[in-house]
Amino acid sequence: MSLSQKKAMKIAQVLTEALPYIQRFTSRTVVVKFGGNAMVDEELQNSFARDIVLMKLVGMNPIVVHGGGPQIGKLLEKLSIHSEFIDGMRVTDSATMDVVEMVLGGTVNKQIVSLINRNGGQAIGITGKDGHLINSKKLSVSRYNPAMKASEIIDIGHVGEVKSINTDVIDMLIDSNFIPVIAPIGVGEDGQSHNINADLVAGKLAEVMRAEKLMLLTNVSGLQDKEGEVLTGLSTEQVDALIEDGTIYGGMLPKINCALDAVKAGVTSAHIIDGRVAHAVLLEIFTDTGVGTLITNQKD
């Protein structure tokens with residue numbers, strides 16, 4: 001059955017709108033942090049996988065970094081291992097770290113690899129421990145103690161931060177036409193594994209790979225002003241001002257700071273996009289309007 005003229009024109013319009021973006025971003029690296037609703041909803045999982053495969057087919061170099069907090073929490077609960085959070089970070093003792101590695105480096109990572117491969121891509125899953133990809137150090141957390149009238153260091157176990165990234169492994173995979181899928185687990189100088197926030201890993205990876213874009217999937221429609229309207233086309237100076245006046249606060253602050261740091265370090269643009277929208281990645285890259293918040297170093 002042939003398309004109606006109206007449907008045909010709509011498809012042609014979509015393709016012609018995407019063309020200049022495809023031409024512009026050929027051979028460019030895009031780091032995508034996969035998380036939130038997009039990771040647990042089957043329809044959104046498949047739309048995400050197809051987006052990544054299409055990006056690769058049109059000549060872009062997508063790199064996927066994924067989280068897995070809810071999946072970790074479920075297995076810990078099943079194993080009767082208590083979870084404790086400090087400043088939004090999971091306290092990670094040795095037993096918890098074993099579960100983190102099992103879930104992030106095993107179950108979740110391989111599910112995403114399989115998903116991309118089933119949709120026609122060639123993905124390879126790795127953790128930051130493979131090839132010394134992510135060299136990490138233990139994250140130091142301090143909190144003010146009113147009784148002591150001073151700050152005290154709190155031990156949150158095997159939680160880490162990125163010290164450096166060895167890009168050789170990533171370059172090898174990209175040069176061999178594979179899509180890297182990375183679990184945010186680092187390794188310290190002492191050989192200890194560290195659980196690292198996936199947004200932070202994605203941001204640092206975008207910096208060292210000199211990525212064109214950093215894309216962070218969220219469960220919100222983007223960065224909103226005080227009236228609830230989504231803001232986009234923001235410069236780093238405008239974002240700094242929004243943090244200063246309290247528009248950006250709470251749970252969105254770490255994600256925005258991650259995007260801001262990446263752009264200030266040389267990433268061309270960072271995107272906070274709504275992972276609840278099917279094909280959100282493609283819509284943000286290949287259309288004029290997008291589906292989230294764009295942050296760039298451009299002042300205009």
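Contact here means heavy atoms within 4.5 Å. By that rule T167 touches V208 and M209, leaving aside residues up to four places away in sequence. The model is predicted, so local features need pLDDT of at least 70 and side-chain atom pairs count only at pLDDT 80 or more, while totals for chains, interfaces and linings use all residues. Residues are numbered from 1 along each chain as its sequence is written, and side-chain values use heavy atoms, with hydrogens and water left out.

**T167 and burial**

- T167 sits in the loop between β9 and α5 (168–175); helices (H or I, at least four residues) and strands (E, at least two) are DSSP runs, numbered from the N terminus.
- T167 has a relative accessible area of 19% and is therefore buried, a term for under 20% relative accessible area, with exposed over 50% and partly exposed in between (1.4 Å probe, protein chains only).

**Sheet**

- Eight strands form an open sheet with mixed pairing, in the order β5-β10-β2-β1-β13-β15-β16-β14; two strands pair if DSSP finds at least two bridges between them.
- At the edges stand β5 (123–127) and β14 (234–235), each with a single partner strand, so one side of each has no neighbour in the sheet.
- β5 and β10 are joined in the parallel sense by five bridges, and G125 has V181 of β10 as its bridge partner.
- β1 runs parallel to strand β2 (residues 61–66), with six bridges between them, and T29 lies opposite N61 in β2.
- In a regular strand the side chains alternate between the two faces of the sheet.
- In β1, T29, V31 and K33 on one side and V30, V32 and F34 on the other are all buried; six of the six residues of β1 are thus covered in this sense.

**Nonpolar cores**

- The largest nonpolar core has 42 residues, and I116 and V281 have the most contacts inside it; such a core is a set of buried Ala, Val, Leu, Ile, Met, Phe, Trp, Tyr and Cys residues joined through side-chain atoms within 4.5 Å.
- Elements giving two or more residues to this core include α1 (5–25), β1 (29–34), α2 (42–57), α4 (94–118) and α9 (280–286).
- α4 supplies the largest share of this core, ten residues.
- V281 touches V32, F48, D51, M55, M215, L217 and I273, not counting residues up to four places away in sequence.
- A second, separate core has 40 residues, among them V169, M252, V267 and I295.

**Pockets**

- Pockets are found on a 1 Å grid over the protein atoms alone: a cavity is a set of points where a 1.4 Å probe fits but cannot get out, a pocket is an open set with protein on both sides within 12 Å along at least five of seven lines, and lining residues have an atom within 4 Å of a point.
- The largest pocket holds about 1,200 Å³ of space; grid points are joined across faces, edges and corners, and a volume is the space filled by probe spheres set on the points.
- Of the 42 residues lining the largest pocket, G88, I196, N197, A198 and D199 are the closest to its centre.
- Elements that give two or more residues to the lining of the largest pocket include α3, β9 (160–165) and α6 (198–208).
- The second largest pocket has a volume of about 360 Å³.
- Among the 22 residues that line the second largest pocket, R24, K213, H271, L294 and T296 are the closest to its centre.
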